Every structure is written in structure tokens, then in C-alpha cells.
Amino acid sequence: MKLIVGLGNPGPEYTFTPHNAGFLAIDRIAEDRGAVVANRRGRALTGKAVIAGEECLLAKPETFMNLSGLAVAALVGELGLDPKSDVIVLYDELAFPLGTVRLAARGSSNGHNGVKSVTGSLGSEDWIRVRIGVGRGTAPDGRAIRAGGTDYLLQPLRKGDLAKLDEALDRAAKAVETVVAQGISEAMNQFNRRDEL
């Protein structure tokens with residue numbers, strides 16, 4: 001079994017904010033698979049789905065972003081999973097332009113409190129990441145546009161930005177399927193190309 005976790009904040013006021021890209025990705029995977037993520041289990045809302053022939057548990061922690069690791073660790077312990085191979089976490093990445101999807105087998109938090117929480121609770125940085133870019137990218141003159149940190153991450157996205165994010169959610173769902181079917185190395189080869197946008 002694989003545990004596929006999206007990071008975000010519970011509550012309708014956060015639904016379409018950049019910080020909830022992970023939750024939105026789980027919703028997309030569930031929708032594609034005809035699953036419902038509504039079961040309370042291990043401090044998270046969960047639902048079962050079959051991806052690439054393997055049973056997977058989809059999860060959205062109810063602990064708020066900064067304590068996401070408590071929910072992830074509880075599910076890992078309950079299911080007896082190896083985080084290095086069985087845990088896939090989807091989350092927003094401010095350092096990448098909006099709409100970008102990048103995968104990693106391990107890594108640092110890059111200042112993301114949800115990622116810090118997962119790493120701290122699991123006691124390891126060795127778990128699979130699907131990072132969904134929510135950064136502002138560049139202005140027409142090539143200068144980087146500052147996204148504004150927490151204020152930006154917790155504000156609802158504009159209509160045009162939601163359309164870009166929607167495409168990224170499809171790519172994130174395909175990336176998860178590729179990880180489950182072919183492993184993280186092959187998924188990274190396919191999804192970490194720079195020409196995707």
C-alpha cells in the first residue's frame with residue numbers, strides 16, 4: 001500500500017489558496033479514481049483508491065499545515081509503511097513558478113512548515129515529494145516577482161492563476177501514478193524536465 005498525502009489547511013476559507021495545492025491535488029486524484037476522501041483516520045480525512053493496480057490511501061491532514069507531520073506519522077505507523085518507498089507527499093512550492101510540477105526522492109524543507117513537520121515527525125527527509133509550483137515567476141522584463149510569503153499563500157487565487165494551477169493538478173496526478181507504477185527515478189525523469197511550461 002502507498003500513502004499519498006496532500007498538505008494544506010482545513011476549512012473553506014483556505015480551499016483555493018496557494019498553500020492548499022496539496023489538498024487540491026488529492027481531490028483531483030480522488031475525482032479521477034472515483035474515490036471519496038471523507039473517512040476520519042489518524043488525524044486526517046482519508047479515502048482508498050487503486051492507482052496503477054496498487055491500493056493507495058489518499059489523505060488530507062486535519063491538523064493544519066504546521067502540524068501535518070502528526071497525521072502523516074500516525075498513518076505511517078498504523079499501516080506499517082516505509083516512508084522512503086511508500087509515502088508520497090504533495091505540497092505547494094513557492095520557489096517554483098505557478099503551474100510547475102517537480103518531484104524529489106528526498107530533500108530539505110526550503111522553509112515550508114508543513115514539510116518541516118513531516119520530516120520532524122517521520123525522523124527522516126527520505127520520503128517522496130511532488131512539489132506544485134505556486135510562485136509568481138517573472139515579469140515581462142525578466143525580473144522575479146516576489147510572491148509575498150504567508151500573505152500570498154493564504155489568499156484565494158485569481159481566476160487566471162486557478163486555470164494554471166488546474167493544469168498543474170492534472171500533471172501532479174499523473175506524476176503520482178508514474179511514481180506508483182514505475183518508481184520515483186522514472187517519474188523524476190519524466191516530470192522534472194524544464195520545458196514543461
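Me: In which helix does Asn113 lie?
Reply: This is a predicted model, so everything below is computed from it or taken from a record. Asn113 lies in helix α4.

Me: Is Asn113 buried, partly exposed or exposed?
Reply: The relative accessibility of Asn113 is 37%. Buried would need a value under 20% and exposed one over 50%, so the class between them applies. Asn113 therefore counts as partly exposed.

Me: Which residues does Asn113 touch, not counting residues up to four places away in sequence?
Reply: Sequence neighbours up to four places away are not counted here. With those set aside, Asn113 touches Met65 and Asn66.

Me: Which residues does the UniProt annotation "binding site" cover, and which of them are in the lining of the largest pocket?
Reply: The annotation comes from an unreviewed UniProt entry and covers Tyr14, Phe64, Asn66 and Asn113. Of these residues, the lining of the largest pocket includes Asn66 and Asn113.

Me: Where is Phe64 found, and what is its relative accessible area?
Reply: Phe64 is found in the loop between β4 and α2. Leaving aside neighbours within four places in sequence, Phe64 is in contact with Gly8, Asn9, Pro10 and Tyr14. Phe64 is partly exposed, and its relative accessible area is 41%.

Me: How much space lies in the largest pocket, and which residues are the closest to its centre?
Reply: About 310 Å³ of space lies in the largest pocket. The pocket is lined by 15 residues. Of these, the closest to the centre are His19, Gly111, His112, Asn113 and Leu153.

Me: Which elements give two or more residues to the lining of the largest pocket, and from which one does the largest share come?
Reply: Two or more residues of the lining come from each of β5 (87-97) and α5 (149-153). The largest share is four residues, and it comes from β5.

Me: With which residues is His19 in contact, leaving aside its neighbours within four places in sequence?
Reply: Neighbours of His19 within four places in sequence are left aside. The contacts are then Leu7, Gly8, Asn9, Met65, Asp92, His112, Leu153 and Leu154.

Me: Where is the place of Ser68, and is Ser68 buried or exposed?
Reply: The place of Ser68 is in helix α2. Ser68 touches Leu7, Pro61, Thr63, Gly114, Ser117 and Val118, not counting residues up to four places away in sequence. Its relative accessible area is 0%, so Ser68 is buried.

Me: How many salt bridges does the structure hold, and how far apart are the closest N and O atoms of Glu62 and Arg40?
Reply: The structure holds 10 salt bridges, and one of them joins Glu62 to Arg40. Glu62 is in the loop between β4 (54-61) and α2 (68-79), while Arg40 is in strand β2 (residues 39-41), 22 residues apart. Glu62 counts as partly exposed at 27% relative accessibility, whereas Arg40 is exposed at 65%. The closest N and O atoms of the pair are 2.9 Å apart.

Me: Which residue forms a salt bridge with Arg106, and why does the pair tie together parts of the sequence?
Reply: The closest N and O atoms of this bridge are 2.5 Å apart, and the partner of Arg106 is Asp126. Arg106 lies in the loop between β6 (101-104) and α4 (113-122) and Asp126 in the loop between α4 and β7 (128-135), so the pair ties together parts that are 20 residues apart in sequence.

Me: Which residues do salt bridges that share partners join into one network?
Reply: Some salt bridges share partners, and such bridges form one network. The residues joined are Arg28, Asp166 and Asp170.

Terms used: Residues numbered from 1 in each chain as written. Predicted model: local features only at pLDDT ≥ 70, side-chain atom pairs only at ≥ 80, totals over all residues. Heavy atoms only, no water. 1 Å grid on protein atoms, 1.4 Å probe; cavity = no way out; pocket = protein on both sides within 12 Å on 5 of 7 lines; lining within 4 Å. Points joined across faces, edges and corners; volume = space filled by probe spheres on them. Salt bridge = Lys/Arg side-chain N within 4 Å of Asp/Glu carboxyl O. Buried < 20%, exposed > 50% of the residue type's maximum accessible area, 1.4 Å probe, protein only. Contact = heavy atoms within 4.5 Å. UniProt positions renumbered as here; feature names shortened; annotations may be inferred.
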